[in-house]
Amino acid sequence: MVPKLNPWEKGREFEERVAAWARRKYAPQKGEVTRDIRKNGLAPRIPYQIDVRVSIPGGFFGGWHEIAIECKDRKEHIKIADINTLISKVQGIYHAFKNGREDYYFDRLLLASTSEFHEDAVREA
């Protein structure tokens, strides 16, 4: 019998599935996938947590595109607040980059979910 996962373990399992998808999706572009990273923002003392980071070549002047993937494994719909929280987190990291507190920022965002997006959240995204 397989033991039942607690919510934290279930969320981590979903993050790994999303990371595996990202590895397959971005492998042709020589993408690099990392899970569970911490990045500084300007305001919080505690760094932001990013579930999955994907780096792919192709930015300006031979640089990289950085993709932040937020993973949500839950039954409730994704709401506008979830999207705004992700945007706020990434904006904080961008400002930290501009102020010399981080070495890169995210120029692309994805939100992966096991549930549907509320219609208002779809309009917001």
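1. Two strands pair if DSSP finds at least two bridges between them. Helices (H or I, at least four residues) and strands (E, at least two) are DSSP runs, numbered from the N terminus. In strand 3, W64 is the bridge partner of P57.

2. The model is predicted: local features need pLDDT of at least 70, side-chain atom pairs count only at pLDDT 80 or more, and totals for chains, interfaces and linings use all residues. Residues are numbered from 1 along each chain as its sequence is written, and side-chain values use heavy atoms, with hydrogens and water left out.

3. The sheet is open, with 4 strands in the order 1-2-3-4 and mixed pairing. Strand 1 and strand 4 stand at its edges with a single partner strand each, so one side of each has no neighbour in the sheet. On average, neighbouring strands are turned by 30° against each other, direction ignored (axes are lines fitted to C-alpha atoms, for helices over the stretch in contact, and angles run from 0 to 180 degrees between N-to-C directions).

4. Strand 1 and strand 2 run antiparallel and are joined by 7 bridges; V33 stands opposite V54 in strand 2. Strand 2 also pairs with strand 3 in the antiparallel sense, over 6 bridges. The pairing of strand 3 with strand 4 is parallel, over 6 bridges, and A68 stands opposite L109 in strand 4.

5. Buried means under 20% relative accessible area, exposed over 50%, partly exposed in between (1.4 Å probe, protein chains only).

6. Helix 1 has 20 residues (7-26); at 1.5 Å a residue it should span 28 Å, and its end C-alpha atoms are 28 Å apart, which agrees. The expected span is 1.5 Å times one less than the number of residues. At the N-terminal end, N6 caps helix 1, with a side-chain oxygen 3.0 Å from the backbone nitrogen of W8.

7. Which residues of helix 1 are buried? They are G11, F14, E15, V18, A19, A22 and Y26. These cover an arc of only 145° around the axis, which puts them on the same side of helix 1; the arc is that of the directions from the helix axis to the C-beta atoms. What covers them includes strand 1, strand 2, strand 3 and strand 4.

8. K89 lies in helix 2 (residues 80-98) and is buried, with a relative accessible area of 11%. Its side chain reaches the backbone oxygen of Q49 at 2.8 Å. Leaving aside neighbours within four places in sequence, K89 is in contact (heavy atoms within 4.5 Å) with Y48, Q49, I50 and E70.

How values were computed. Polar contact = N/O pair within 3.5 Å; in protein donor to acceptor, adjacent residues only side chain to side chain.
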